[in-house]
Amino acid sequence: MNPHSRTGQPMTRRTTRMATSDEQLRLMTRIARLYHEQGMRQPRIAEELHISQARVSRLLTQAAKLGIVRTIVVPPDGVFADLEEEIATAYGLRDVVVVDVEGEADSVIPALGAAAAVYLETTLMEGDRLGISSWSATLLAAVEAMRSRPGGRFLEEVVQLMGGVGEPQVQVQATRLMGRLAEMTGAEPVFMSAPGLVAGATVRDAILADPKVSSVAAAWKNLTLAIVGIGSLEPSPLLRRSGNIFALDDQEKLRSLGAVGDICLHFFDENGTLLDSDLNDRVIGITPDVYRAVPRRIGVAGGDRKYAAIRAALLGGWVDVLITDLGVAGRLAGRPDRHAP
């Protein structure tokens, strides 16, 4: 046998290269096991194997590229990453949080509130200007569950998104929501000192002309995020007690137009399309166009009876972050029988 290659080089050189490659694979595997299975730090690995730390790091990177090391994420119980990603993709959302609870709206409120509190605590950025709808039991639960962040002020403003004047005993709750959120974030609270619902467009325009009210409307245009409840056609107990609701005749009119839900008393149909109704002229609150221009819009809602409203809000682009319960999430993803992945 000819001991030379076609180029005339000795075959022993090729054999040496192959041996070196095999040795690298063996070394990669050894380093990977020490690092990933035994938890040994890179400097100690380098010392044990008498190689440089830079080489240890380089071989760990190569081990991942060659498939020697494969990372598998195993979600813990109560975390539904696959389901959240499926819903986010289906509805074009930036984020979804699925809470391990299901049932009617009242029974899921505490869990949804706690999840929303954690989401706000971990995603609020210094300098954010937050708008919040005030007639939501779920948002009240969220704010009460929030913990203050060390370091003082990190939000600029907390702005009320719709009129807040209503029945005194319920107004106290809305005021507490704004006050506590401002306290937890160090923000300046901006209250809307006007009713959420008035008799007609003439009254609304007169109220909006007041400088104290118009200054709040101006603040809406500078919001960086908003957190809202998603209402069904049937008003929540808190909203019903507030006095800021449409009369039964108006609700029947909305039903005849195909209304399934609302955000800040702006009603939409099953596809999320804003209903063309003179009832819109009676609302004192953020307008749909200004609301949709807010960069991040977080919807917090759950419970079986709110499914149609939540789905419509997603289809219509009213929110781009959803925090909801496992039952609603399963239906949104087309998994009514088994919600979890």
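This is a predicted model: local features need pLDDT of at least 70, side-chain atom pairs count only at pLDDT 80 or more; totals for chains, interfaces and linings use all residues.

User: Which residues touch the most other members in the largest nonpolar core?
Analyst: Ile 87, Ile 263 and Leu 332 do, in a core of 57 residues.

User: And which helices and strands each supply at least two residues of it?
Analyst: On the helix side there are helix 4 (81-91), helix 9 (211-220), helix 13 (307-315) and helix 14 (326-332). The strands are strand 1 (95-99), strand 5 (225-229) and strand 8 (266-268).

User: Which of them gives the most?
Analyst: Helix 13, with six residues.

User: Back to Ile 263. What is it in contact with, leaving aside its neighbours within four places in sequence?
Analyst: Val 228, Gly 229, Ile 230, Phe 268, Tyr 291, Ala 313, Trp 318 and Val 319.

User: What about a second core?
Analyst: There's a separate one of 32 residues, and its members include Ala 115, Leu 140, Leu 155 and Ile 323.

User: OK, strands. Is strand 1 mostly covered or mostly open?
Analyst: Mostly covered, with four of its five residues buried. Strand 1 also pairs with strand 10 (residues 321-325), running parallel over five bridges. Asp 95, for one, has Val 321 of strand 10 as its bridge partner.

User: What's the order in the open sheet of three strands?
Analyst: The order is 6-7-8, and the pairing is antiparallel. Strand 6 (231-232) and strand 8 are the edges, each pairing on one side only.

User: How many bridges join strand 7 and strand 8?
Analyst: Three, between strand 7 (residues 261-263) and strand 8.

User: Switching topic: where's Thr 185, and is it buried or exposed?
Analyst: Thr 185 is in helix 7 (residues 168-185). Thr 185 counts as buried because its relative accessibility is 0%, and the cut-off for buried is under 20%.

User: So what does its side chain reach?
Analyst: The side chain of Thr 185 reaches the backbone oxygen of Leu 181, at 2.8 Å.

User: Last one. How many cavities of 30 Å³ or more turn up in the whole structure?
Analyst: One. The largest cavity holds about 30 Å³ of space.

User: Which residues line it?
Analyst: The lining of the largest cavity is Phe 246, Leu 254, Leu 265, Phe 267, Leu 275, Ser 277, Leu 279 and Asn 280.

Conventions. Residues are numbered from 1 along each chain as its sequence is written. Side-chain values use heavy atoms; hydrogens and water are left out. A nonpolar core is a set of buried Ala, Val, Leu, Ile, Met, Phe, Trp, Tyr and Cys residues joined through side-chain atoms within 4.5 Å. Buried means under 20% relative accessible area, exposed over 50%, partly exposed in between (1.4 Å probe, protein chains only). Contact means heavy atoms within 4.5 Å. Two strands pair if DSSP finds at least two bridges between them. A polar contact is a pair of N or O atoms within 3.5 Å; within protein, one must be able to donate a hydrogen and the other to accept it, and residues adjacent in sequence count only if both atoms are side-chain atoms. On a 1 Å grid over the protein atoms alone, a cavity is a set of points where a 1.4 Å probe fits but cannot get out, and a pocket is an open set with protein on both sides within 12 Å along at least five of seven lines; lining residues have an atom within 4 Å of a point. Grid points are joined across faces, edges and corners, and a volume is the space filled by probe spheres set on the points.
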